[in-house]
Amino acid sequence: MGFNFGIENIIHANAFSFAAMVGIFYFLGKKLKLGDAVASISVKIKEAVDNSEKRKADSATDLRSAQVDMEKLPQQIDELCQEARNTAAGLSEKIKEEAENKTKIIEENTKKTIDYEIKTTKDILSKDVSKASLKIAQDNMQQVLDKDEAMHKRIIEECIDAI
């Protein structure tokens with residue numbers, strides 16, 4: 001019994017080994033359900049490719065939208081700045097008007113207060129001047145009457161007669 005290394009034996013042995021290997025792989029594939037696993041993996045890969053294509057398209061759309069937004073940005077900034085200037089101008093005018101109105105009210109109140117104080121002062125001065133005038137007249141009369149006794153008696157008699 002010796003080993004025969006002839007081509008025919010080698011081919012026959014290789015064919016047998018190949019057939020045995022195919023059988024083992026077939027048996028393992030059936031037993032381990034490799035077909036289902038390969039199909040499942042194939043479906044997942046296809047879904048991943050489809051999803052990546054969709055994400056790529058969505059990203060391209062988002063990029064175009066962002067580019068359009070970026071192109072509009074300077075104009076939007078200018079519009080916002082103009083709106084802010086208009087608002088500031090309106091507020092400035094309103095503040096100015098309110099300040100002018102308050103100033104007028106303060107001026108009117110101040111004038112009223114000054115007029116009242118002037119009137120009060122005039123009234124006080126008039127009373128004081130009247131009192132002083134009466135006092136001076138009384139003092140003057142007293143001096144005249146003290147100097148002229150006859151005149152003093154005549155005035156007393158006229159007052160009594162008048163009563």
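Here are a few notes on confidence, salt bridges and a charged patch in this predicted model.

1. Confidence first. The protein chain has an average pLDDT of 85, and 90% of the residues reach at least 70. Helix H1 (residues 7-32) is where confidence is lowest, with a mean of 74, while H2 has the highest, at 90.

2. Now the salt bridges: the count is 6. One of them joins Asp58 and Lys54, with N to O at 3.2 Å. Both residues sit in helix H2, 4 residues apart, or about one turn of the helix. Asp58 is partly exposed at 35% relative accessibility, whereas Lys54 is exposed at 51%.

3. Asp115 and Lys111 also form a salt bridge, and their closest N and O atoms are 3.2 Å apart. About one helical turn separates the two, because they are 4 residues apart in helix H2. Asp115 has a relative accessible area of 38%, so it counts as partly exposed; Lys111, with 52%, is exposed.

4. Then there's Asp50 with Lys46, a salt bridge whose closest N and O atoms are 3.7 Å apart. This pair lies in helix H2 too, with 4 residues, about one turn, between positions. Asp50 is partly exposed at 41%, and Lys46 is exposed at 54%.

5. Last, the charged patch. Glu93, Glu97, Glu98 and Glu100 make up a negative surface patch. Of these, Glu98 lies in helix H2 (residues 34-147). Its relative accessibility of 39% is why Glu98 counts as partly exposed.

Note on methods
Residues numbered from 1 in each chain as written. Predicted model: local features only at pLDDT ≥ 70, side-chain atom pairs only at ≥ 80, totals over all residues. Heavy atoms only, no water. Patch = residues over 30% accessible without salt bridge, like charges linked within 9 Å, V, L, I, M, F, W, Y side chains within 5 Å. Areas by Shrake-Rupley, 256 points an atom, 1.4 Å probe, with all protein chains shown as cover. Salt bridge = Lys/Arg side-chain N within 4 Å of Asp/Glu carboxyl O. Lys, Arg positive; Asp, Glu negative; His and termini not counted. Charge placed at Lys NZ, Arg CZ, Asp CG, Glu CD. Buried < 20%, exposed > 50% of the residue type's maximum accessible area, 1.4 Å probe, protein only. pLDDT = per-residue confidence, 0-100.
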